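Hello,

Here is the structure I promised to pass on to you. Please open it next to this email, and then read on for what turned up inside.

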Amino acid sequence: MKPVIFGLAGLSLSPDEAAFFRDAAPAGYILFGRNIETRAQLRALTDSLRELHGDDRLPILIDQEGGRVSRMKPPEWLAFPPGAAFDKLYDIAPASAIEAARANAEALALDLAEVGITVDCLPLLDVAIPGGTPAIGDRALGQEPLRVAALGRAVLDGLRRGGVLGTIKHMPGHGRALVDSHMELPRVTASEEELEQDIAPFRALASAEIGMTGHILFEAWDKERCATHSPWIVEHIIRQRIGFEGLLLSDDLDMKALAGQVPDRAARAIEAGCDIALNCWARMDEMIGIVNALPDISDVSRARLDRARAAINPVADWSHQAELIARRDALLALA
């Protein structure tokens, strides 16, 4: 097995992709809007991936956050609110906000589980700051670490109740970034003491099975390398100070915050201590290059992957989704 998660080119698995993936044996897959049309089509696609690997617990990921980051869209699927909706309710009714976030995440997970998606890249645990990049913006769960952790815990719990694993992101924190890491490398100049606020939610939820790095350079920790490519940050901040022992994914390797060719970016992420490199764009030449650049998955990373896979327990009953949505909406109406 190669320590990589790949994207797919279209609505179904092509013969070339099937042959390549069968030989390459990636750790899982991630889906985007180009892969999504109808419930029947999407279920057939995820079934074909499971059949290809003979694995009913195959990690199949998606970014389905709600708000503007939603790969599965109306009218085929429900619309879900962004994180800011629960932050707003928390101002006046914290317990209601936590319950609304949990119900929302469970309802969202039911949509994913129905079509065979097993992992959602949610929740964001990035602590927002005034003036931070709009790339985070209303996706964030708040500006206060304890609030972000409380709502994030509710999201993880709701997703799990709906048969889907969550992913805490973007470790060790994207909230202070002033530019979008999709477009350029953010440099954070905050002190060690200030950065304690950023890592606090991740520390509170360090028992999560899956986490994702951010392509952010923190001058207090590593003046030359962003978190994804920094052995010091992965080991000393993410593994030791935060205490995260789960499966660590890189963020998408195609983002412009990173320099160099994509296969080299993947190799540097694994060398830095990420368990899995994330390659989203399904370009066959890049995927071949990544497979050639990466070693087989390490025993330690394979054990973390197996623990995450063991926690995937898809549900078979989606009949209570409307009840969850009604409960969420009644609580959000309080704000």
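The second largest cavity is lined by 14 residues, and those nearest its centre are Pro-59, Leu-61, Ile-210, Leu-247 and Leu-305. A cavity here is a set of points, on a 1 Å grid over the protein atoms alone, where a 1.4 Å probe fits but cannot get out, and lining residues have an atom within 4 Å of a point. The volume of this second largest cavity is about 80 Å³, where a volume is the space filled by probe spheres set on the points, and grid points are joined across faces, edges and corners. Both β11 and α10 (299-310) supply at least two residues of its lining, and the largest share, three residues, is from α10. Such names stand for DSSP runs numbered from the N terminus: helices (H or I, at least four residues) and strands (E, at least two). By type, the lining has 13 nonpolar residues, no polar ones and one charged. In this sorting, Ala, Val, Leu, Ile, Met, Phe, Trp, Tyr, Cys and Pro count as nonpolar, Asp, Glu, Lys and Arg as charged, and the others, Gly among them, as polar.

Before you go further, please note that this is a predicted model: local features need pLDDT of at least 70, side-chain atom pairs count only at pLDDT 80 or more, and totals for chains, interfaces and linings use all residues. Residues are numbered from 1 along each chain as its sequence is written, and side-chain values use heavy atoms, with hydrogens and water left out.

In total, the structure holds two cavities of 30 Å³ or more. The largest cavity has about 150 Å³ of space. Its lining is made up of 16 residues, with Glu-65, Gly-83, Leu-122, Leu-141 and Val-155 closest to the centre. Two or more of the lining residues come from each of β4 (64-66), α3 (83-90) and α4 (94-114), and α4 gives the most, with four. This lining divides into 11 nonpolar, three polar and two charged residues.

Now for the pockets. A pocket is an open set of points with protein on both sides within 12 Å along at least five of seven lines.

Next, the cysteines. A disulfide is a pair of cysteine sulfur atoms within 2.5 Å, and a search of the whole structure finds zero. For Cys-121, the nearest cysteine sulfur belongs to Cys-280, 8.0 Å away. The sulfur of Cys-226 is too far from the closest one, in Cys-274, for a bond, at 8.8 Å. Cys-121 is buried, with a relative accessible area of 0%, and Cys-226 is buried at 5%; buried means under 20% relative accessible area, exposed over 50%, and partly exposed in between (1.4 Å probe, protein chains only).

Enjoy exploring!
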